[in-house]
Amino acid sequence: MIEITNATKRFGDKIILDSINLTIKNGENVILMGQNGAGKTSLIRAILGEYILDSGNIFIDTVKVAKHRIETLSKISFVPQLPPPLKITVKELIDYTSTIATIDKNEIVKYSDTLHFDVKQNLNKPFFKLSGGMKQKLLISIALAKQSDIFIFDEPTANLDSNARGQFSNLLEKIDSKIFIFISHRIEEVGHIANRAITMDLAKVVSDEIL
């Protein structure tokens, strides 16, 4: 469960999170919507512990993110909209993530195969030289293989072809009792998975609806 209480964050005179109060329970699949600059990414960064709040708190299963970031991050899989420009090879990335997060490499390969990304053919390629779609497929595969309690996807289908988008949806539909948060402008692609829609504007939650 994610519990956010009076979360407020400023940069100078600009408020990027304005007294956010949200509780997201296991089994809730949330689509987080709003215009650019509404506060969506800032909220996710706060959940990940990248931002230290000026006031308020965020808890993951009653554990305070600000004080126990390593512990709370261990329960989260996050796939960013823009993959990082990693110069390490695909093999090195898989080896590293499987070690620090105790992920089964075979599970990464299994999910990659489902998304039609051939890991074996690309093991020695630098990650940053892969196409946008390949990067997205590999990062999604690593996230799913981690078997986290919370999955956060920022525009998860932006770089995927239509077939991979369908396979991605099928994979998520088979996972129960987890929290999924989608930052997406493509509501038609994740709307059938989401059961709750939260809209932000001007750093505030302006709408919170059950779908």
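Helix H4 passes helix H6 in a right-handed crossing, a term used when the near helix is turned clockwise from the far one by less than a right angle. This is a predicted model, in which local features need pLDDT of at least 70 and side-chain atom pairs count only at pLDDT 80 or more, while totals for chains, interfaces and linings use all residues. Residues are numbered from 1 along each chain as its sequence is written, and side-chain values use heavy atoms, leaving out hydrogens and water.

**Helices H4 and H6**
- The axes of H4 (residues 105–114) and H6 (residues 132–145) come within 8 Å and cross at roughly 130 degrees.
- H4 is therefore oblique to H6.
- The contact (heavy atoms within 4.5 Å) involves Glu107, Ile108, Tyr111 and Ser112 of H4, together with Leu138, Ser141, Ile142, Leu144 and Ala145 of H6.

**The sheet**
- An open sheet is formed by four strands in the order E2-E1-E4-E5, with antiparallel pairing.
- Strand E2 (14–24) and strand E5 (63–64) stand at the edges with a single partner strand each, so one side of each has no neighbour in the sheet.
- Strand E1 (residues 2–11) pairs with E2 over seven bridges; Ala7 stands opposite Ile20 in E2.

**Helix H1**
- H1 (residues 40–47) packs on the sheet, where it touches E1, E2 and strand E4 (55–60).
- Gly49, with a positive phi near 80 degrees, follows H1.

Technical notes. Pairing = 2+ DSSP bridges. Helix = DSSP H or I, 4+ residues; strand = E, 2+ residues; numbered from the N terminus. Axes fitted to C-alpha atoms, helices over the stretch in contact; angles between N-to-C directions. Parallel < 35°, antiparallel > 145°, perpendicular 65-115°, else oblique.
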